[in-house]
Amino acid sequence: MEARLQEAKDSIRDVIDFPKEGIVFKDITTMLKDEKHLATLVETLYEQYKDRGITKVVGLESRGFILGTVLAYKLNAGFVPIRKPGKLPAATYSEKYTLEYGTDEIHIHQDALNEDDVVLLHDDLLATGGTAAASINLLSKCGVNKAFVNFLVELDFLKGRDKLNTEFEVDSLFHF
């Protein structure tokens, strides 16, 4: 499995100056388009979380939806999206945050989660930690007491993990 994970990691492409000059974007689409890599990712994450009692997988817009829904299905859990403003039709909680290249805001339905849920919060990338910290704050607003936080890729040099003041377990599959 380690060799397959390394092959998957090696297939992630760097896109220079995207979405703005000076940023090196880690493009996971080159990894996801390969059925062997996709299967490796799904099986690895499933094995990691299958015995954790997950009741809901929360995916961040939009790349967190890709594996988040698959993991929810495999874990026999529900799926809850965290979305940008104006995308969810019912009452929401919101959090504003700072990105490495600007500011943004995310929302979750107020009735999406409760204190009895065990949540797997999933996204593709941990960079500066703004989106992840805001997402964890949304989980707290929903009353979640137990959660696991997972990223496919972590950019260690940006130290985003340091901004995640949480008692929840945080894990990343690939580190750059």
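Hi everyone, let's start with D117: setting aside neighbours within four places in sequence, D117 is in contact with T55, K56, A112, V144 and K146. Please keep in mind as we go that this is a predicted model.

So where does D117 sit? You can find D117 in the loop between strand 6 (102-109) and strand 7 (118-126). Is D117 buried or exposed? Its relative accessibility is 6%, and because buried means under 20%, D117 counts as buried.

Next comes E95, which lies in strand 5, residues 92-99. With a relative accessible area of 15%, E95 is buried too. Which residue's side chain does E95 meet in a polar contact? That would be N137, and the distance is 3.4 Å. If we again leave out neighbours within four places in sequence, the contacts of E95 include D104, E105 and I106, and also A134, N137, L138 and K141.

Let's move on to the rings. How many aromatic pairs does the structure hold? There are 3. Take F18 and F25: their ring centres are 5.1 Å apart and their planes stand at 85°, so this pair is edge-to-face. The two partners fall into separate classes here: F18 is partly exposed at 43% relative accessibility, while F25 is buried at 16%.

Another pair is F65 with F79, again edge-to-face, at 5.8 Å centre to centre and with 90° between the planes. Why does this pair tie together parts of the chain? F65 belongs to helix 4 (residues 63-74) and F79 to strand 4 (residues 78-82), so the pair ties together parts that are 14 residues apart in sequence. F65 is partly exposed, at 21% relative accessibility, and F79 is partly exposed as well, with a relative accessible area of 28%.

Last stop: F176. Which charged end sits over its ring at 4.1 Å from the centre? That one belongs to K26. The charged end of K9 sits over the ring of F176 too, 4.8 Å from its centre.

Methods. Residues are numbered from 1 along each chain as its sequence is written. This is a predicted model: local features need pLDDT of at least 70, side-chain atom pairs count only at pLDDT 80 or more; totals for chains, interfaces and linings use all residues. Side-chain values use heavy atoms; hydrogens and water are left out. Helices (H or I, at least four residues) and strands (E, at least two) are DSSP runs, numbered from the N terminus. Buried means under 20% relative accessible area, exposed over 50%, partly exposed in between (1.4 Å probe, protein chains only). Contact means heavy atoms within 4.5 Å. A polar contact is a pair of N or O atoms within 3.5 Å; within protein, one must be able to donate a hydrogen and the other to accept it, and residues adjacent in sequence count only if both atoms are side-chain atoms. Rings of Phe, Tyr and Trp (its six-membered ring) pair if their centres lie within 6.5 Å; planes under 30 degrees apart count as stacked, over 60 as edge-to-face and the rest as tilted. A charge sits over a ring if NZ of Lys or CZ of Arg is within 6 Å of the ring centre and within 35 degrees of the ring normal.
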